[in-house]
Amino acid sequence: MFKRACSMHGDDTAKLCLKAIARHIHSAQARFGPRSFFGVEDFLDDDNSRPYTYQKEKKSKNPNKHISFKQRTVAYMEPFTLDVFISKRFVSASITHRVTSKQVAVAGTNSKDIKAALKSRSDIPACLAIGRILSQRAREADVYTASYTPRERDKFEGKIRAVVQSLIDNGIDVKIYLD
């Protein structure tokens, strides 16, 4: 198509057209930049070197903030974390590897094999069963220790304590961090 347009207008016009296109492409300046795929206009980052259309991550308020040795090494010294979720209808718990964010062992009262064996899916016996099953699955994956920090809204009592105590009773060493 470009050849056909150049042959109609002559050789000199084609050369001028190519020079103008090359000058525009290689000028490295955003003139009337096209809109991005998501409808967000292209912006320039802080040092005005390259356009971006993604959301920038938040910068630390204090870039020279000291990070302690414990903060840097705790993910490697205690690599597995316990997560317990209890709702009105069901109980679920999982052991996750901190560094890779992969779930090593999962148990919940919503799964078919556990659901059939329980009378209720959200009472204390269900919590004890979840702890027992989770400890079996964790031992199969060669995980024998985990750390648990309750969420801000959770208190370490009742059903949560039953799950954690059941894990401890069945051979998983759980370190509990309470604030």
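**Salt bridges along the chain**

A: Lysine 175 is partly exposed, with a relative accessible area of 45%; partly exposed covers the range between buried, which is under 20% relative accessible area, and exposed, which is over 50% (1.4 Å probe, protein chains only). This lysine 175 forms a salt bridge with glutamate 78, and the closest N and O atoms of the two are 3.0 Å apart. A salt bridge here is a side-chain nitrogen of Lys or Arg within 4 Å of a carboxyl oxygen of Asp or Glu. The pair links distant parts of the chain, 97 residues apart: glutamate 78 is in the loop between helix H3 (69-77) and strand E3 (80-86), and lysine 175 is in strand E7 (residues 173-176). Helices (H or I, at least four residues) and strands (E, at least two) are DSSP runs, numbered from the N terminus. Glutamate 78 is buried, as its relative accessible area is 16%.

The model is predicted, so local features need pLDDT of at least 70 and side-chain atom pairs count only at pLDDT 80 or more, while totals for chains, interfaces and linings use all residues. Residues are numbered from 1 along each chain as its sequence is written, and side-chain values use heavy atoms, with hydrogens and water left out.

In total, the structure holds four salt bridges. Another of them joins aspartate 83 to arginine 151, with 2.9 Å between the closest N and O atoms. This pair also links distant parts of the chain, since aspartate 83 belongs to strand E3 and arginine 151 to the loop between E6 and helix H6 (159-169), 68 residues apart. Aspartate 83 counts as partly exposed at 33% relative accessibility, and arginine 151 counts as partly exposed at 29%.

A further salt bridge brings together the side chains of arginine 137 and aspartate 113, at 3.2 Å from N to O. Because arginine 137 lies in helix H5 and aspartate 113 in helix H4 (residues 112-115), the pair ties together parts that are 24 residues apart in sequence. Arginine 137 has a relative accessibility of 29% and therefore counts as partly exposed. Salt bridges with shared partners also join Asp83, Arg151 and Asp154 into one network. In general, side chains of opposite charge can pair when their charged atoms come close.
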